[in-house]
Amino acid sequence: IGGHPKPQAGPVAVAGVDRIIAIGSGKGGVGKSTVATNLAVALAREGRRVGLLDADIYGPSVPRMMGEERQPKSPDGERIEPLHAHGVTFMSIGLMLEEGKPVIWRGPMLMGALQQMLNQTNWGELDILIVDLPPGTGDIQLTLSQRFHLTGAVVVSTPQDVALLDARKALGMFETLKTPVLGLIENMSTYICPNCGHEAHLFGHGGVAAEAEKIGVPFLAALPIDLDTRLGGDAGQPVASGEGPMAEGYRRLARRFVE
Ligand code: ADP
């Protein structure tokens, strides 16, 4: 408290980490963490060394989705030992907080926590570090983009107009911050009735693909509403760790980041 802020340095890399890819969204609840987790697992299955940092301060759900919620250890009080599950090395801001307590942090505290998790975690050598951002356009996004060298960001949206409206704000923020947008992902794009096979567009249709075309970035995937995805997330067994069409879909998506 007090004193002068340090002069801001340019963006830096994280030691041992080749590429950092942020996954963002305009709104919460569109499946950003689900996509980040499954993408990380699929990348690991494609033979990459993958880290996943859950920086979603308002709803850190990665530990639950990965099925590993132990408090990370710091034997020397300096370096943090990350957790491992499904071939992925991960760390979550949620594991550093007291469960059930609301988070009322000011910007500088958030920035400190994010920097600590990036710089003091023993990530080892990683090909890709996926960062699950909080929804929206706040301090975490700013700090990550301005202080760290990001390869780029992926934005997840549902086809619903209100979600897309907010996704555009997130896209505008990345543009302002000069963070390359690597593509858009439409989640919950269709629902296929398990009884009759009828395909319904519960949240609308085609909006995310049209937006990607409009701003000239790749449309990376259209992921359906899928019971196994939801069950796998709740059970700590990401759908991408199994077999079947969703796991295949996530592996196809993963290959778009490693080609
Ligand atoms: P966000 O990170 O955007 O807040 P989450 O990934 O936590 O969203 O997802 C919100 C809820 O929706 C979770 O319960 C998750 O299991 C579920 N969910 C996400 N994507 C899908 C999908 N494609 N099909 C079914 N359920 C999904």
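In which loop does G29 lie? In this predicted model, G29 belongs to the loop between strand 1 (17–25) and helix 1 (32–45), where helices (H or I, at least four residues) and strands (E, at least two) are DSSP runs numbered from the N terminus. Residues are numbered from 1 along each chain as its sequence is written. Because the model is predicted, local features need pLDDT of at least 70 and side-chain atom pairs count only at pLDDT 80 or more, whereas totals for chains, interfaces and linings use all residues.

An unreviewed UniProt entry carries the annotation "binding site" for G26, K27, G28, G29, V30, G31, K32 and S33; UniProt positions are given in the numbering used here, feature names are shortened, and such annotations may be inferred rather than shown by experiment. Two of these residues can be described by their surroundings, for which a residue is called buried if 20 or more other C-beta atoms lie within 10 Å of its own, exposed if 12 or fewer, and partly exposed in between, with C-beta atoms placed from the backbone. G29 counts as exposed because it has 12 C-beta neighbours inside 10 Å. S33, which has its place in helix 1, is buried because 27 other C-beta atoms lie within 10 Å. When neighbours within four places in sequence are left aside, S33 is in contact with D56, S61, V62, M65 and D132, a contact being a pair of residues whose C-beta atoms, placed from the backbone, lie within 7 Å.

The ligand is surrounded by 18 residues, of which G31, K32, S33, T34 and G233 are the closest; a residue is near a molecule or strand if its C-beta atom, placed from the backbone, lies within 6 Å of it. Two or more residues of this shell are given by each of helix 1, strand 7 (181–192), strand 9 (219–225) and helix 7 (227–235). By residue class, the shell divides into four nonpolar, 11 polar and three charged residues, where Ala, Val, Leu, Ile, Met, Phe, Trp, Tyr, Cys and Pro count as nonpolar, Asp, Glu, Lys and Arg as charged, and the others, Gly among them, as polar.

Not counting residues up to four places away in sequence, L39 touches I130, Y250, L253 and A254. In helix 4 (residues 139–147), the buried residues are I140, Q141, T143, L144 and S145, and these pack against strand 1, helix 3 (107–119), strand 5 (126–132) and helix 5 (161–176).

Strand 7 has several pairing partners, two strands being paired if DSSP finds at least two bridges between them. Strand 6 (residues 152–157) runs parallel to strand 7 and is joined to it by five bridges, with V156 having I185 of strand 7 as its bridge partner. Strand 9 likewise pairs with strand 7 in the parallel sense over five bridges, and here A221 of strand 9 is the bridge partner of I185. The pairing of strand 7 with strand 8 (residues 199–200) is antiparallel and extends over two bridges, with E199 of strand 8 as the bridge partner of I192. Six residues lie between the strands in the hairpin of strand 7 and strand 8, where G197 takes a positive phi near 80 degrees.

Most residues other than glycine have a negative phi. M188, found in strand 7, has a positive phi near 60 degrees and is buried because 24 other C-beta atoms lie within 10 Å. K178, placed in the loop between helix 5 and strand 7, also has a positive phi near 60 degrees, but K178 counts as exposed because it has 10 C-beta neighbours inside 10 Å.

Elsewhere, R79 has its place in the loop between helix 2 (62–66) and strand 3 (83–85), and R79 counts as partly exposed because it has 13 C-beta neighbours inside 10 Å. Residues up to four places away in sequence not being counted, R79 touches S74, Q120 and N122.

Note on methods
Two residues are in contact if their C-beta atoms, placed from the backbone, lie within 7 Å.
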